[in-house]
Amino acid sequence: MSFADIPLEEKQRVIGELSAIKADFASRGWFAGTSGNLSMRVGEYRPDAFHFAVTASGKDKSKSTPEDFLFVDQAGKPCETTRLKPSAETVIHCEIYRKTGCGAIFHTHTVFNNLVSEWFWERRHVPVEGVELIKAFNIWDEEAVIQIPIVSNFADVPRIVPEITEKLDPRIPGILLRKHGIYAWGEDAFAAKRHLEAFEFLFEYAYRWELLKSGKAL
Ligand SMILES: [Zn+2]
């Protein structure tokens with residue numbers, strides 16, 4: 001399916017959903033200093049051929065404007081004539097869609113996701129044991145133990161992609177970049193948002209639990 005074959009109303013629905021999520025996350029302070037990015041897929045999917053809307057680079061995400069999003073293809077190239085540039089991290093979205101076939105990907109920088117990515121860096125994952133909210137990822141085992149992968153952060157973003165290819169765990173709908181932020185995804189925007197909220201809860205829990213164990217908190 002070419003981009004031109006995707007109905008306009010489907011593209012408008014995706015932009016509408018992304019705008020609402022952008023406003024919601026901005027109100028939580030999840031886009032400090034224009035950081036973070038959001039994307040949502042449109043049209044049919046094949047691992048080597050798909051399209052998605054993604055946040056434009058360098059915009060203030062607390063404002064809503066006609067320049068907030070643009071559509072790109074599986075290589076991160078704009079589908080239409082535009083002066084807008086896709087987010088510099090669009091290649092990471094491309095790889096997550098290619099590997100998972102998901103419907104939406106949200107990326108935020110928060111203090112807790114940065115702290116745990118550094119604290120657990122030597123293990124290359126954040127361990128979480130038996131916390132109820134693990135069920136948000138559709139993992140229902142009693143006392144489930146999960147490991148949320150952490151990959152290197154490089155200024156040259158395409159260098160991050162091979163580590164994502166290697167470390168992405170199909171059971172866990174998220175991956176941390178060291179001292180950078182989380183990418184969370186889901187079959188649609190609702191699922192991706194649920195997963196992102198669950199990750200942020202679990203990161204704060206993991207951080208506070210480490211402090212408690214060390215006797216340095218509350
Ligand atoms: Zn980022």
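**Close-up 1. Phenylalanine 3 is partly exposed.** In this predicted model, phenylalanine 3 has 15 other C-beta atoms within 10 Å. That count makes it partly exposed, because a residue is buried with 20 or more other C-beta atoms within 10 Å of its own, exposed with 12 or fewer, and partly exposed in between, with C-beta atoms placed from the backbone. Look for phenylalanine 3 in the segment before helix 1 (8-27); helices (H or I, at least four residues) and strands (E, at least two) are DSSP runs, numbered from the N terminus. Leaving out residues up to four places away in sequence, phenylalanine 3 touches His51, Phe71 and Cys79; contact here means C-beta atoms, placed from the backbone, within 7 Å. The C-alpha atoms of phenylalanine 3 and glutamate 80 are separated by 8.8 Å, although these residues are 77 apart along the chain.

**Close-up 2. Ala53 sits in the largest nonpolar core.** This core has 46 residues, and Ala53 and Val126 have the most contacts inside it. Helix 5 (residues 189-214) gives the most to this core, with 8 residues. A nonpolar core is a set of buried Ala, Val, Leu, Ile, Met, Phe, Trp, Tyr and Cys residues joined through C-beta atoms within 7 Å. Among the residues that alanine 53 touches are Val14, Ile15, Leu18 and Phe69, not counting residues up to four places away in sequence.

**Close-up 3. Helix 3 crosses helix 5.** The axes of helix 3 (residues 111-119) and helix 5 come within 9 Å and cross at roughly 55°; axes are lines fitted to C-alpha atoms, for helices over the stretch in contact, and angles run from 0 to 180 degrees between N-to-C directions. So helix 3 is oblique to helix 5, a word for angles that are not under 35 degrees (roughly parallel), over 145 (roughly antiparallel) or 65 to 115 (roughly perpendicular). In helix 3, Phe112, Asn113, Leu115, Val116 and Trp119 meet residues of helix 5, including Phe203, Ala206 and Tyr207.

**Close-up 4. Asparagine 138 and glutamate 143 have positive phi values.** Most residues other than glycine have a negative phi. Phi is near 65° in asparagine 138 and about 55° in glutamate 143. Asparagine 138 lies in the loop between strand 5 (125-129) and strand 6 (145-151), and glutamate 143 is also placed in the loop between strand 5 and strand 6. Asparagine 138 counts as exposed, with 10 C-beta neighbours inside 10 Å; glutamate 143 counts as exposed with 8.

**Notes.** Residues are numbered from 1 along each chain as its sequence is written. In this predicted model, local features need pLDDT of at least 70 and side-chain atom pairs count only at pLDDT 80 or more, while totals for chains, interfaces and linings use all residues.

Technical notes. Two residues are in contact if their C-beta atoms, placed from the backbone, lie within 7 Å.
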